[in-house]
Amino acid sequence: MQEATKSTVPAEAASSVTQFRKNLDAVQQKINAACERSSRDPGEVRLLPVSKTVPEERIRMAYAAGCRFLGENKVQEAQEKAESMIDLTGLKWSIIGHLQSNKAKYVARFAHEFQALDSLKLAGALDRRLQIEGRSLDVFVQVNSSNEESKFGLPPEEVLAFVRQLPAFETLRVRGLMTLALFSQDQHRVRACFRRMRNLREQLQQDAPAGLSFDELSMGMSGDFEFAIEEGSTLVRVGQAIFGPRATPDSHYWPGTG
Ligand SMILES: *Cc1c(COP(=O)(O)O)cnc(C)c1O
(Lines give C-alpha, C1' and ligand atoms only; values in the text may rest on other atoms or scores of the structure.)
Protein backbone atom coordinates (compact mmCIF):
# COMPACT_ATOMS: atom_id res chain seq x y z
CA MET A 1 0.00 0.00 0.00
CA GLN A 2 1.15 3.54 -0.72
CA GLU A 3 2.61 5.29 2.31
CA ALA A 4 1.65 8.71 3.61
CA THR A 5 3.85 11.39 2.11
CA LYS A 6 4.62 14.92 3.01
CA SER A 7 2.02 16.08 0.52
CA THR A 8 3.34 17.93 -2.45
CA VAL A 9 2.20 21.37 -3.42
CA PRO A 10 1.94 21.91 -7.19
CA ALA A 11 4.73 24.11 -8.55
CA GLU A 12 2.38 26.62 -10.13
CA ALA A 13 -0.85 28.36 -9.28
CA ALA A 14 -3.86 26.56 -10.72
CA SER A 15 -5.24 28.86 -13.40
CA SER A 16 -7.80 26.84 -15.34
CA VAL A 17 -10.84 24.81 -14.41
CA THR A 18 -9.10 21.69 -15.72
CA GLN A 19 -6.12 22.29 -13.49
CA PHE A 20 -8.37 22.74 -10.47
CA ARG A 21 -10.15 19.49 -11.27
CA LYS A 22 -6.80 17.77 -11.49
CA ASN A 23 -5.53 19.17 -8.18
CA LEU A 24 -8.81 18.43 -6.38
CA ASP A 25 -8.73 14.92 -7.75
CA ALA A 26 -5.13 14.38 -6.64
CA VAL A 27 -5.95 15.57 -3.10
CA GLN A 28 -9.06 13.38 -2.98
CA GLN A 29 -6.99 10.36 -4.06
CA LYS A 30 -4.62 10.99 -1.17
CA ILE A 31 -7.56 11.32 1.21
CA ASN A 32 -8.94 8.03 -0.05
CA ALA A 33 -5.58 6.30 0.31
CA ALA A 34 -5.10 7.61 3.86
CA CYS A 35 -8.59 6.36 4.71
CA GLU A 36 -7.79 2.99 3.27
CA ARG A 37 -4.59 2.74 5.30
CA SER A 38 -6.51 3.47 8.49
CA SER A 39 -9.64 1.44 7.62
CA ARG A 40 -11.84 4.51 7.47
CA ASP A 41 -14.67 5.48 5.15
CA PRO A 42 -13.63 8.42 2.90
CA GLY A 43 -17.17 9.71 3.34
CA GLU A 44 -16.20 10.60 6.93
CA VAL A 45 -13.60 13.12 5.78
CA ARG A 46 -14.62 16.49 4.42
CA LEU A 47 -12.24 18.46 2.22
CA LEU A 48 -12.37 22.22 2.86
CA PRO A 49 -10.43 24.10 0.16
CA VAL A 50 -8.69 27.17 1.66
CA SER A 51 -8.73 30.13 -0.73
CA LYS A 52 -6.91 32.81 1.26
CA THR A 53 -4.87 35.20 -0.93
CA VAL A 54 -6.41 33.65 -4.06
CA PRO A 55 -8.01 36.31 -6.29
CA GLU A 56 -11.63 36.21 -7.38
CA GLU A 57 -10.88 35.16 -10.94
CA ARG A 58 -9.24 31.92 -9.81
CA ILE A 59 -11.81 31.26 -7.09
CA ARG A 60 -14.45 31.31 -9.82
CA MET A 61 -12.51 28.56 -11.59
CA ALA A 62 -12.41 26.50 -8.40
CA TYR A 63 -16.18 26.96 -8.12
CA ALA A 64 -16.59 25.76 -11.70
CA ALA A 65 -14.48 22.74 -10.76
CA GLY A 66 -16.95 21.94 -7.98
CA CYS A 67 -15.88 23.82 -4.82
CA ARG A 68 -18.91 24.96 -2.81
CA PHE A 69 -17.44 25.63 0.66
CA LEU A 70 -14.28 27.70 1.00
CA GLY A 71 -12.08 28.46 3.98
CA GLU A 72 -10.59 31.90 4.61
CA ASN A 73 -8.31 32.92 7.46
CA LYS A 74 -9.19 36.63 7.61
CA VAL A 75 -12.75 37.81 7.93
CA GLN A 76 -12.36 41.00 5.94
CA GLU A 77 -10.92 39.19 2.93
CA ALA A 78 -13.67 36.58 3.20
CA GLN A 79 -16.40 39.18 3.36
CA GLU A 80 -15.12 41.05 0.33
CA LYS A 81 -15.00 37.81 -1.63
CA ALA A 82 -18.44 36.70 -0.45
CA GLU A 83 -19.90 40.02 -1.58
CA SER A 84 -18.24 40.05 -4.98
CA MET A 85 -19.19 36.43 -5.68
CA ILE A 86 -22.74 36.55 -4.37
CA ASP A 87 -23.85 35.37 -7.83
CA LEU A 88 -22.22 31.94 -7.30
CA THR A 89 -25.20 29.93 -6.13
CA GLY A 90 -24.64 27.80 -3.05
CA LEU A 91 -21.12 29.03 -2.32
CA LYS A 92 -20.48 29.06 1.45
CA TRP A 93 -17.67 30.48 3.56
CA SER A 94 -15.87 29.07 6.57
CA ILE A 95 -13.73 31.39 8.72
CA ILE A 96 -10.77 29.40 9.99
CA GLY A 97 -8.54 32.12 11.48
CA HIS A 98 -8.28 33.98 14.77
CA LEU A 99 -11.00 36.60 15.25
CA GLN A 100 -11.14 39.65 17.48
CA SER A 101 -14.45 40.09 19.28
CA ASN A 102 -14.99 43.49 17.68
CA LYS A 103 -15.13 41.77 14.29
CA ALA A 104 -17.73 39.21 15.32
CA LYS A 105 -20.44 41.20 13.54
CA TYR A 106 -18.92 40.51 10.13
CA VAL A 107 -18.76 36.77 10.69
CA ALA A 108 -22.34 36.80 12.00
CA ARG A 109 -23.54 38.39 8.78
CA PHE A 110 -22.35 35.97 6.15
CA ALA A 111 -20.24 33.05 7.39
CA HIS A 112 -21.62 29.51 7.48
CA GLU A 113 -18.97 28.15 9.81
CA PHE A 114 -16.40 29.48 12.26
CA GLN A 115 -13.51 27.25 13.25
CA ALA A 116 -11.46 29.41 15.63
CA LEU A 117 -13.58 29.86 18.75
CA ASP A 118 -11.14 30.38 21.61
CA SER A 119 -12.67 32.69 24.22
CA LEU A 120 -15.94 33.32 26.04
CA LYS A 121 -15.73 36.97 25.11
CA LEU A 122 -15.79 36.01 21.45
CA ALA A 123 -18.57 33.45 21.98
CA GLY A 124 -20.65 36.20 23.61
CA ALA A 125 -19.95 38.70 20.84
CA LEU A 126 -20.82 36.18 18.13
CA ASP A 127 -24.00 35.14 19.93
CA ARG A 128 -25.22 38.74 20.33
CA ARG A 129 -24.54 39.52 16.68
CA LEU A 130 -26.11 36.31 15.43
CA GLN A 131 -29.26 37.06 17.46
CA ILE A 132 -29.46 40.43 15.73
CA GLU A 133 -29.04 38.80 12.32
CA GLY A 134 -31.50 36.03 13.18
CA ARG A 135 -28.88 33.44 12.26
CA SER A 136 -27.04 30.57 13.88
CA LEU A 137 -23.53 29.34 13.17
CA ASP A 138 -21.60 26.07 13.21
CA VAL A 139 -18.52 26.52 15.38
CA PHE A 140 -15.36 24.61 16.22
CA VAL A 141 -13.32 25.21 19.36
CA GLN A 142 -9.69 25.87 18.45
CA VAL A 143 -7.14 23.98 20.52
CA ASN A 144 -3.42 24.60 20.77
CA SER A 145 -2.28 21.00 20.42
CA SER A 146 1.42 21.77 19.95
CA ASN A 147 2.01 23.79 23.10
CA GLU A 148 3.65 26.57 21.07
CA GLU A 149 3.21 30.19 22.07
CA SER A 150 2.83 31.13 18.43
CA LYS A 151 -0.35 29.13 17.98
CA PHE A 152 -3.81 30.38 18.79
CA GLY A 153 -6.32 28.22 20.61
CA LEU A 154 -7.00 26.94 24.11
CA PRO A 155 -4.57 24.64 25.91
CA PRO A 156 -6.08 21.12 25.86
CA GLU A 157 -6.50 21.04 29.64
CA GLU A 158 -8.72 24.14 29.56
CA VAL A 159 -11.12 22.95 26.87
CA LEU A 160 -13.59 21.02 29.04
CA ALA A 161 -14.17 23.94 31.42
CA PHE A 162 -14.55 26.21 28.39
CA VAL A 163 -17.12 24.11 26.56
CA ARG A 164 -19.18 23.79 29.75
CA GLN A 165 -19.96 27.50 29.32
CA LEU A 166 -21.06 27.22 25.70
CA PRO A 167 -24.69 26.07 26.09
CA ALA A 168 -25.45 29.65 27.21
CA PHE A 169 -24.86 30.85 23.64
CA GLU A 170 -27.92 29.58 21.83
CA THR A 171 -26.97 30.61 18.30
CA LEU A 172 -23.67 28.69 18.37
CA ARG A 173 -23.93 25.08 17.17
CA VAL A 174 -20.82 23.39 18.51
CA ARG A 175 -19.57 20.77 16.04
CA GLY A 176 -16.11 19.84 17.23
CA LEU A 177 -12.50 20.86 17.61
CA MET A 178 -9.96 22.50 15.31
CA THR A 179 -6.19 22.58 15.52
CA LEU A 180 -2.98 23.37 13.69
CA ALA A 181 -0.34 20.77 14.43
CA LEU A 182 3.31 21.53 15.03
CA PHE A 183 5.04 22.64 11.81
CA SER A 184 7.78 20.05 11.80
CA GLN A 185 9.48 17.53 9.55
CA ASP A 186 9.25 15.06 12.41
CA GLN A 187 6.23 12.97 11.59
CA HIS A 188 6.04 11.54 15.09
CA ARG A 189 5.73 14.92 16.76
CA VAL A 190 3.11 16.03 14.22
CA ARG A 191 1.10 12.87 14.75
CA ALA A 192 1.33 13.35 18.53
CA CYS A 193 -0.59 16.64 18.15
CA PHE A 194 -3.34 14.92 16.19
CA ARG A 195 -3.52 12.08 18.69
CA ARG A 196 -3.84 14.54 21.55
CA MET A 197 -6.88 15.96 19.75
CA ARG A 198 -8.50 12.60 19.30
CA ASN A 199 -8.10 11.80 22.98
CA LEU A 200 -9.51 15.18 23.91
CA ARG A 201 -12.53 14.58 21.71
CA GLU A 202 -13.13 11.26 23.43
CA GLN A 203 -13.07 12.97 26.81
CA LEU A 204 -15.49 15.66 25.62
CA GLN A 205 -17.87 13.13 24.11
CA GLN A 206 -18.18 11.70 27.63
CA ASP A 207 -18.03 14.78 29.82
CA ALA A 208 -19.27 17.78 27.83
CA PRO A 209 -22.80 19.14 28.33
CA ALA A 210 -25.64 17.62 26.32
CA GLY A 211 -26.52 19.43 23.10
CA LEU A 212 -22.95 20.08 22.02
CA SER A 213 -21.45 17.78 19.43
CA PHE A 214 -17.77 16.91 19.23
CA ASP A 215 -17.96 14.58 16.26
CA GLU A 216 -15.80 16.80 14.06
CA LEU A 217 -12.02 17.04 14.25
CA SER A 218 -10.77 19.73 11.89
CA MET A 219 -7.08 18.98 11.45
CA GLY A 220 -4.65 18.58 8.58
CA MET A 221 -3.37 21.04 5.95
CA SER A 222 -1.46 20.64 2.68
CA GLY A 223 1.68 19.48 4.48
CA ASP A 224 0.14 17.02 6.92
CA PHE A 225 -3.42 16.07 5.98
CA GLU A 226 -2.60 12.42 5.29
CA PHE A 227 -1.17 11.98 8.79
CA ALA A 228 -4.15 13.84 10.23
CA ILE A 229 -6.59 11.48 8.53
CA GLU A 230 -4.69 8.44 9.73
CA GLU A 231 -5.02 9.86 13.25
CA GLY A 232 -8.76 10.52 12.99
CA SER A 233 -9.38 13.87 11.27
CA THR A 234 -12.88 14.39 9.85
CA LEU A 235 -12.15 17.70 8.11
CA VAL A 236 -8.98 18.72 6.31
CA ARG A 237 -8.28 22.37 5.43
CA VAL A 238 -6.24 22.35 2.26
CA GLY A 239 -5.01 25.46 0.46
CA GLN A 240 -1.77 25.18 -1.47
CA ALA A 241 -2.21 21.59 -2.66
CA ILE A 242 -5.34 22.79 -4.49
CA PHE A 243 -4.67 26.41 -5.39
CA GLY A 244 -0.88 26.27 -5.75
CA PRO A 245 1.87 27.94 -3.73
CA ARG A 246 1.09 31.03 -1.69
CA ALA A 247 3.43 34.01 -1.69
CA THR A 248 2.25 35.38 1.66
CA PRO A 249 4.40 33.93 4.45
CA ASP A 250 2.68 31.91 7.16
CA SER A 251 3.81 34.50 9.74
CA HIS A 252 1.07 36.71 8.31
CA TYR A 253 -1.48 34.24 9.72
CA TRP A 254 0.33 32.74 12.69
CA PRO A 255 2.59 35.14 14.53
CA GLY A 256 6.04 33.70 15.16
CA THR A 257 6.07 31.16 12.34
CA GLY A 258 7.37 31.17 8.79
C1 LIG B 1 -4.00 28.68 5.32
C2 LIG B 1 -4.59 27.76 6.31
C3 LIG B 1 -4.73 26.39 6.02
C4 LIG B 1 -4.28 25.77 4.71
O5 LIG B 1 -2.89 25.78 4.60
P6 LIG B 1 -2.20 25.17 3.28
O7 LIG B 1 -0.78 25.03 3.64
O8 LIG B 1 -2.42 26.18 2.21
O9 LIG B 1 -2.88 23.90 3.00
C10 LIG B 1 -5.32 25.59 6.99
N11 LIG B 1 -5.74 26.09 8.16
C12 LIG B 1 -5.64 27.39 8.47
C13 LIG B 1 -6.14 27.88 9.78
C14 LIG B 1 -5.07 28.28 7.54
O15 LIG B 1 -4.96 29.57 7.84
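The largest cavity holds about 50 Å³ of space. This is a predicted model, in which local features need pLDDT of at least 70 and side-chain atom pairs count only at pLDDT 80 or more, while totals for chains, interfaces and linings use all residues. Residues are numbered from 1 along each chain as its sequence is written, and side-chain values use heavy atoms, with hydrogens and water left out.

**Cavity**

- The count is 1 cavity of 30 Å³ or more; a cavity is a set of points, on a 1 Å grid over the protein atoms alone, where a 1.4 Å probe fits but cannot get out.
- A volume is the space filled by probe spheres set on the grid points, which are joined across faces, edges and corners.
- Lining residues (an atom within 4 Å of a point) of the largest cavity are Asn73, Ile96, Gly97, His98, Gln142, Phe152, Leu180, Tyr253 and Trp254.
- That lining has 5 nonpolar, 4 polar and no charged residues, where Ala, Val, Leu, Ile, Met, Phe, Trp, Tyr, Cys and Pro count as nonpolar, Asp, Glu, Lys and Arg as charged, and the others, Gly among them, as polar.

**Ligand site**

- The ligand takes up the space of the largest pocket; a molecule sits in a pocket if more than half of its atoms lie within 2 Å of its grid points.
- Residues around the ligand (a heavy atom within 4 Å) include Val50, Lys52, Asn73, Ile96, Arg237, Gly239 and Trp254.
- By class, this shell has 5 nonpolar, 4 polar and 3 charged residues.
- Oxygen atoms of the ligand lie 2.7 Å from a polar side-chain atom of Asn73 and 2.8 Å from a backbone N or O atom of Gly239.
- An N or O atom in the side chain of Arg237 is 2.9 Å from a nitrogen atom of the ligand.
- The protein buries 97% of the 390 Å² that the ligand exposes when taken alone, with areas from the Shrake-Rupley method and a 1.4 Å probe.

**Pockets**

- A pocket is an open set of grid points with protein on both sides within 12 Å along at least five of seven lines.
- The largest pocket has about 450 Å³ of space, and Phe183, Met221, Ser222, Gly223 and Asp224 lie nearest its centre among 28 lining residues.
- Its lining divides into 12 nonpolar, 9 polar and 7 charged residues.
- The second largest pocket has a volume of about 270 Å³, and of its 15 lining residues Asn73, Lys74, Val75, His98 and Lys103 are the closest to its centre.
- The lining of the second largest pocket comprises 6 nonpolar, 6 polar and 3 charged residues.

Methods: A polar contact is a pair of N or O atoms within 3.5 Å; within protein, one must be able to donate a hydrogen and the other to accept it, and residues adjacent in sequence count only if both atoms are side-chain atoms.
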